[in-house]
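Work through the exercises below with the sequence and the model side by side, and try each task before you read its solution.

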Amino acid sequence: MKPQDIIAAKSSSLWIFGYGSLVWKPDFKYKRSKVGFIRGYKRRFWHGDNFHRGSDELPARVVTLIPDDDASTWGVAFEVSGAQVEAALEYLNVREAVRGGYNSEMVMFHPEDNSPSVPALLYIATTDNPLYMGPATPAEIGARIAVCEGRTGHNLEYLLRLAAFMRTSCPHVEDHHLYAVESAALAVVTYLLEAQ
Ligand code: SIN
């Protein structure tokens with residue numbers, strides 16, 4: 001379901017699930033938020049970004065969701081209601097779809113507090129997207145993240161803030177990919193600083 005369809009359906013309330021920069025920087029008004037997870041997807045730094053955290057010359061590595069029946073991905077869902085719905089969707093359409101290359105989808109979100117699961121909108125970049133970069137080793141991904149910068153900020157900030165969110169808000173979740181990429185990026189940054 002596309003955001004415009006949701007508006008057309010005159011939803012008075014909508015949940016929006018974030019699993020990347022939205023977890024620490026939603027930048028839209030919302031009523032409340034909940035930490036929780038979605039099933040059937042794994043989070044990977046396999047999407048390219050030539051606007052927010054990288055450039056055409058050196059695209060950044062940012063997260064997308066890859067279908068995997070055995071996986072789940074933790075993040076934050078934000079509930080927007082009333083006039084917030086349209087404002088959030090308009091803002092996110094530019095940030096995620098126009099600039100980020102993400103498509104929108106509806107998934108079931110399962111809150112950590114065991115309150116009932118709710119359908120939530122999320123932004124996902126598919127493998128046929130021109131910006132898609134695909135799998136690479138944590139060392140390769142970390143090396144790219146260590147040096148990329150875009151109009152919103154450094155790629156390293158994006159990675160470190162996401163890892164910090166997971167450690168603080170989801171300490172029980174072993175996100176091997178995220179933490180391996182974080183270690184690799186920090187090793188490259190340390191090396192570059194020491195070489196100066
Ligand atoms: C995004 O939401 O995907 C990009 C925003 C950012 O990198 O801060």
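This is a predicted model: local features need pLDDT of at least 70, side-chain atom pairs count only at pLDDT 80 or more; totals for chains, interfaces and linings use all residues.

Residues are numbered from 1 along each chain as its sequence is written, and side-chain values use heavy atoms, with hydrogens and water left out.

**Exercise 1.** List the residues around the ligand, and sort this shell by class.

Solution. Start by collecting each residue with a heavy atom within 4 Å of the ligand, which gives Ser21, Lys25, His52, Arg53, Arg95, Glu96, Thr152 and Tyr158. Next, sort them, counting Asp, Glu, Lys and Arg as charged, Ala, Val, Leu, Ile, Met, Phe, Trp, Tyr, Cys and Pro as nonpolar, and the others, Gly among them, as polar; the shell then has four charged, three polar and one nonpolar residues.

**Exercise 2.** Find how far a polar side-chain atom of Glu96 lies from an oxygen atom of the ligand, and do likewise for Arg53 and Arg95.

Solution. Going through them in turn, the distance to a ligand oxygen atom is 2.4 Å for Glu96, 2.7 Å for Arg53 and 2.8 Å for Arg95.

**Exercise 3.** Describe the secondary structure of the protein and the span of its C-alpha trace.

Solution. Then read along the sequence, where the pattern is α-β-β-β-α-β-β-α-α-α. Finally, along its principal axes the C-alpha trace spans about 55 × 35 × 30 Å.

Note on methods: A polar contact is a pair of N or O atoms within 3.5 Å; within protein, one must be able to donate a hydrogen and the other to accept it, and residues adjacent in sequence count only if both atoms are side-chain atoms. Helices (H or I, at least four residues) and strands (E, at least two) are DSSP runs, numbered from the N terminus.
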